[in-house]
Amino acid sequence: MNLDFSDDQKLLQSEARKFLEKEQSLQRSRSVLDQQQALDTDLWQQIVAMGWTGIRIPEEYDGLGLGHLELCMVAEELGRSLAPVPFSSSVYLFTEAVIKFASDEIKQDLLPKLVTGECVGTLAITEQLLAPTAQNMNVTVAGNTVSGSKIAVPDAGIATHVIVLCKGQKGIELRLVELNEDCNVQKQDTIDDSRGHFSIDFRNAQGRLLGDHGEGWALLQNLLDQAAVMFSFEQLGGAQATLDMATNYAQQRFAFGRAIGSYQAIKHKLADMYIKLTLAKSNSYYGAWALSTESAELAVAAATARVSATQAFNYCSQENIQTHGGNGFTWEYDCHLFYRRAKLLSLNVGSLATWKEKLIHGLEKTQPTNAQQGV
Amino acid sequence: MNFNDTEQQAQFRAKCSAWLKNNAQLTSQTSNHNPHGKAGSPEFLDASRIWQKKKFDAGWAMLHWPKIYGGLEASPLERIIWGQEEAKFNVPRGVYEIGLGMAGPVMMQYATEQQKQRYLPPMAAGEEIWCQLFSEPSAGSDVAGLRSKAVKDGDDWIINGQKVWTSGAQFCDYGIIVVRHDPNLDKHAGMTFFFVDMKSPGIDIKPIKQITGGSSFNEVYFNDVRIPDSQRLGAVGDGWRVAITTLMNERLAVGDANGVDAAEAFEWAKGQDDHGQALIENRAVRESIADWYCQASGLKNTKLRTMSALSKGDTPGPEASITKVVSANKLQAIGNFGIDSLDMAGMLKTELSDVHDFHNAWLGSAGLRIAGGTDEILKNIIAERVLGLPQDPRADKGLAFKDIPSGS
């Protein structure tokens, strides 16, 4: 029985934490937001130099050849420090898709460049102001030519490549597009401008097929299941940071002659934050186990982790503002940075409602094991 | 990460499982929910005694105890493994948990060696049942507000007062009790701890009828009950310190609320009609079940994290403190869901459906949210002990107990 990370993995986490603190990741995030810069290029380059983009890339492609568990540890720290870098899009989504679905030729070309940062990738799914489905995809592929528009694509400003969900002759497929003059990339304003999001118009852009014709939607679901676990670790890190902020503030802020943390209204609020965070953490560990062992339970485990992590970070970040009172509503305090990021992360790979539906759908396909294990 | 036992753990689990298979029936193979009789009935008590004695004779009853008192000196993890295996079997539960879980550790820590040898083995064997006498009519969450008096008389103490919410008092042989020996001292300084023979003259036990209709709790009246000073546990005035060890144990370790869970709600929703389609197709129902599933899974995986720490020889973190507050509230929500799913007919106590499981959850959960530490007290404990927030300012500090405002 070992539902925990190894000492080496925890060491990697603690090194990541020290690095991001030293580099003032949180302050950099504020600065990106203030100046609408989409990302902090310097921090990103340092992260690349540390080898984190190659954590999961096999050594034969110049990567570190480590596993998803190491990635989860780094994710937690990126979430805690709101790192304004294109890590989730390029690593959890793009790199994973290349590792899992691309031909050897593409791997030989792109994986070493993802390690060095020469290649940065992202994933383009959404087209309209509604949840994407296999039926409402309108970006088309004819031959190898991709046309149409995507919106809310993370990090397309720095990305060199994008995987595009397209409608082909046999159904949905994944196309790997190199971002060039055939792709018009425009920055979009979002609720969290510390992370850049973009629209892309594809005008007869060349796209190479990943996987098979017609299986794009299924591949996407698998990719999102995997990514959801790593996103949940970012959410955990953020939720823990807001609980820590709220706890510190409640100890130091006095009202009516006593620390506000001595009032049960505040205690119970913070206890609720702790409860939600603990449930999310335990479920995320379960998700990490399913991910790292390629378990058949991944779909259910990932949805469980994702739903609880979204609930935890949303709740913790919102109640952190409430605990800070009027100060929490100022631009000056950091509370809103977490509130924004919590909401952004809760949407990035699909909303709470979407993942609850995935969870129930997963349970309908498999018998739940929870009730039977008697643990 | 893995969910596998080590070789040693697997061997231990196999040993537990083999013994259980020879001595009990798997729940999955029994059709009757209550093969041992209705909880609280004489048949149930008999079945409980027989099962406890069987376990004791094989060493399983209190497997973590020293061998001289009938244990196996098992590790905390082995104790969990035993619990997991026993949970798969349909065995009578509920009669011994409080005595063994609360009186056991206190006796182990504070009784004399002679007393331990006299009382611990029959306690573990189920030959003598123990109860806990802490709460009083005016001392619930604020247990230290208790007023039952102890007055020294020669080698005895004379006890007068009333205890309440005493589970199983009607069939118990002994109880652990904390009483006030000096109301002129500070609240927490004026208490002393004893164990008492429940058959002593002057003890009067009256069952409390609960909202479920059942009576698992009692009021216990003490009229000039004599307790020998030799049955004092800890020094005079140490009562609170002795009590708090067991209370913390109870408040933090009270486990999952038994009853319908996310899996049962899911199965129920698949079988119920909702305006011509299966209830599970209803979007609101799907979202609710997803919430409960995540909570159930979160609690399960929290336990697995605790086990992982024990397995490595580490001290587990405070995560388990969330268990009761989450599971009791989840049970209440699921109870409401099941009943409401039958619309106007949900009120009916009928054998035509399994709705009684949801009725039981709905009524029982209201008590579970209070027993063993209310939601509010548990959240205070999380806030103060886990997060390190300051205590509330108190109106009872630095006052003699008799001078503390009581509202009456």
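In the predicted model described here, 22 residues of domain 1 of chain A are in contact with 23 residues of domain 3 of chain A, two residues being in contact if their C-beta atoms, placed from the backbone, lie within 7 Å. On the side of domain 1 of chain A that touches domain 3 of chain A, at least two residues each are supplied by helix 2 (25-35), helix 4 (68-80) and helix 5 (87-101) of chain A, where helices are DSSP runs of H or I with at least four residues, numbered from the N terminus. Helix 4 of chain A gives the most to this side, with 10 residues. By residue class, this side of domain 1 of chain A divides into 12 nonpolar, five polar and five charged residues; Ala, Val, Leu, Ile, Met, Phe, Trp, Tyr, Cys and Pro count as nonpolar, Asp, Glu, Lys and Arg as charged, and the others, Gly among them, as polar.

Chain A is assigned domain 1 (7-116), domain 2 (121-214) and domain 3 (217-365), with bounds that come from an automatic or database domain assignment. The centres of domain 1 and domain 3 of chain A, taken over C-alpha atoms, are separated by 21 Å.

Between the chains, the contact takes 42 residues from chain A and 44 residues from chain B. Helix 8 (283-311) of chain B is one of the helices that each supply at least two residues of the side of chain B that touches chain A, and the largest share of that side, 19 residues, comes from helix 8 of chain B.

Residues are numbered from 1 along each chain as its sequence is written, and chains are lettered from A and ligands numbered from 1 in the order in which they are written. As this is a predicted model, local features need pLDDT of at least 70 and side-chain atom pairs count only at pLDDT 80 or more, whereas totals for chains, interfaces and linings use all residues.
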